[in-house]
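I open the notebook with the model on screen. The entries below follow the order in which I looked things up.

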Amino acid sequence: MSYENIILEPEQKNLLASLVEAARSVPTDERRKFLFLETSGGSFIKHFGLPSNHCINAYRGDIEVLASNNLLLLSRNSSGSYIFDVSPEGFKYYQEMMSQHGQPIERIQSSVHGYITAEDFQKTYPNAYQKWLEAEELLWSTDSEKQLTTIGHHCRETMQEFATYLVDKYKPSEVVLDKARHISRLRSVLSHSSAKLGKTIPPFLEALVAYWGTLNDLVQRQEHAGQKEGDPVNWEDARRIVFQTAIVMYEIDRSLSL
């Protein structure tokens, strides 16, 4: 079946992708319908498979557009609120949509980028997102070669702000106050949160801390233009730290949101 006749706005495609990935993240025997709520504080979707406290902001019109194209199975509960599942057509459309992003590695990169630039991530980590966005915009600018150290500086600030938000949210009992020591601060958060994450996720998070530390070494090198190593940095070095910073934030946020 071809989906060429289904015309969706980028926000609607991103919403569908979030819903499909949330549905897939829940074990079959624990599946539940998505719930859409409208309150004085805004409108949002709740579901156990969603990251960021199992909740994302959403516009009712986007849900209705997806349903009108048979991508969602929409109904109302006893309270009159929308409840829905992703339809088989929705899963198929998602598959076709992702296949159009290019080769597998390109689809992964697109998925990570979409997650970081989504409204919910921006609202949850406003300071970290803004610093990362500044780095990414410089990366693709026409004078990016002149901005290599600035890109490193923005990525360092991104990591500090990301760790600061997590410290403020989870409030680990033993944590250093110095924002610059973001590796130690991140380790405190993950150690504090590991008890509720089962047996398989904590070792992965421990590896992420080591990954974070190695990435920090690359970021420091970028910020200081490789002077200590005697090996000048280049655009590929900048691309690496911008993308890898997004990757680490992506994995930590999703893991802590389980």
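How many bridges join strand 4 to strand 5, and do the two run parallel or antiparallel? I counted five bridges between strand 4 (residues 72–76) and strand 5, and the pair runs antiparallel. I note at the start that this is a predicted model.

**Entry: strand 5 and its partners**

I stayed with strand 5, residues 82–86. Four of its five residues are buried, so I log the strand as mostly covered, taking under 20% relative accessible area as buried. Strand 1 (residues 34–39) also pairs with strand 5. I found three bridges there, again in antiparallel order.

I then looked up Tyr82 in strand 5. Phe36 stands opposite Tyr82. Arg76 also has Tyr82 as its bridge partner.

Next I checked the hairpin of strand 4 and strand 5. Five residues lie between the strands. Gly80 takes a positive phi near 90° in this hairpin.

I moved on to Ser87. I placed it in the loop between strand 5 and helix 4 (88–99). Is Ser87 buried or exposed? Ser87 is buried, because its relative accessibility is 0%.

I looked for what the side chain of Ser87 reaches. I found the backbone oxygen of Asn70 at 2.5 Å. Leaving out residues up to four places away in sequence, Ser87 touches Asn70, Leu71, Leu72 and Leu73.

Asn70 lies in the loop between helix 3 (60–68) and strand 4. Its phi is positive, near 65°, and it is not a glycine.

**Entry: another positive phi**

I logged Lys171 next. Lys171 has a positive phi of about 50°, although it is not a glycine. I placed Lys171 in the loop between helix 8 and helix 9. Lys171 counts as exposed because its relative accessible area is 60%.

**Entry: helix 1**

I checked the span of helix 1, residues 10–24. Its 15 residues reach 21 Å from the first C-alpha to the last. That is close to the 21 Å expected at 1.5 Å a residue.

Which residues of helix 1 are buried? I listed Gln12, Leu15, Leu16, Ala17, Leu19, Val20, Ala22 and Ala23. An α-helix has 3.6 residues a turn, so residues three or four places apart point the same way.

**Entry: nonpolar cores**

I looked up the largest nonpolar core, which has 43 residues. Ile116, Ile151, Phe162, Leu166, Ile252 and Leu256 touch the most other members. The elements that give two or more residues to this core are helix 5 (104–117), helix 7 (126–139), helix 8 (148–170), helix 9 (182–193), helix 10 (201–223) and helix 11 (235–256). Helix 11 supplies the largest share, 11 residues. A second, separate core has 27 residues, and I noted Ile6, Val20, Phe36 and Ile56 among them.

Ile116 is in contact with Phe121, Gln122, Tyr129, Trp132, Ala246, Met249 and Tyr250.

I placed Thr158 in helix 8. Thr158 is buried, because its relative accessibility is 0%. Its side chain reaches the backbone oxygen of His154 at 2.8 Å. Not counting residues up to four places away in sequence, Thr158 touches Ala128, Lys131, Trp132, Thr245 and Met249.

Asn216 came next, and I found it in helix 10. At 9% relative accessibility, Asn216 counts as buried. Beyond its neighbours within four places in sequence, Asn216 is in contact with Met159, His182 and Ile183. I also took the C-alpha separation of Asn216 and Ala135, which is 15 Å. The two are 81 residues apart along the chain.

**Entry: cysteines**

How many disulfides does a search of the whole structure find? I got zero. I looked up the accessibility of two cysteines. Cys55 is partly exposed, because its relative accessibility is 21%. Cys155 is buried, at 0% relative accessibility.

Terms used
Residues are numbered from 1 along each chain as its sequence is written. This is a predicted model: local features need pLDDT of at least 70, side-chain atom pairs count only at pLDDT 80 or more; totals for chains, interfaces and linings use all residues. Side-chain values use heavy atoms; hydrogens and water are left out. Buried means under 20% relative accessible area, exposed over 50%, partly exposed in between (1.4 Å probe, protein chains only). Two strands pair if DSSP finds at least two bridges between them. A polar contact is a pair of N or O atoms within 3.5 Å; within protein, one must be able to donate a hydrogen and the other to accept it, and residues adjacent in sequence count only if both atoms are side-chain atoms. Contact means heavy atoms within 4.5 Å. The expected span of a helix is 1.5 Å times one less than its number of residues. A nonpolar core is a set of buried Ala, Val, Leu, Ile, Met, Phe, Trp, Tyr and Cys residues joined through side-chain atoms within 4.5 Å. A disulfide is a pair of cysteine sulfur atoms within 2.5 Å.
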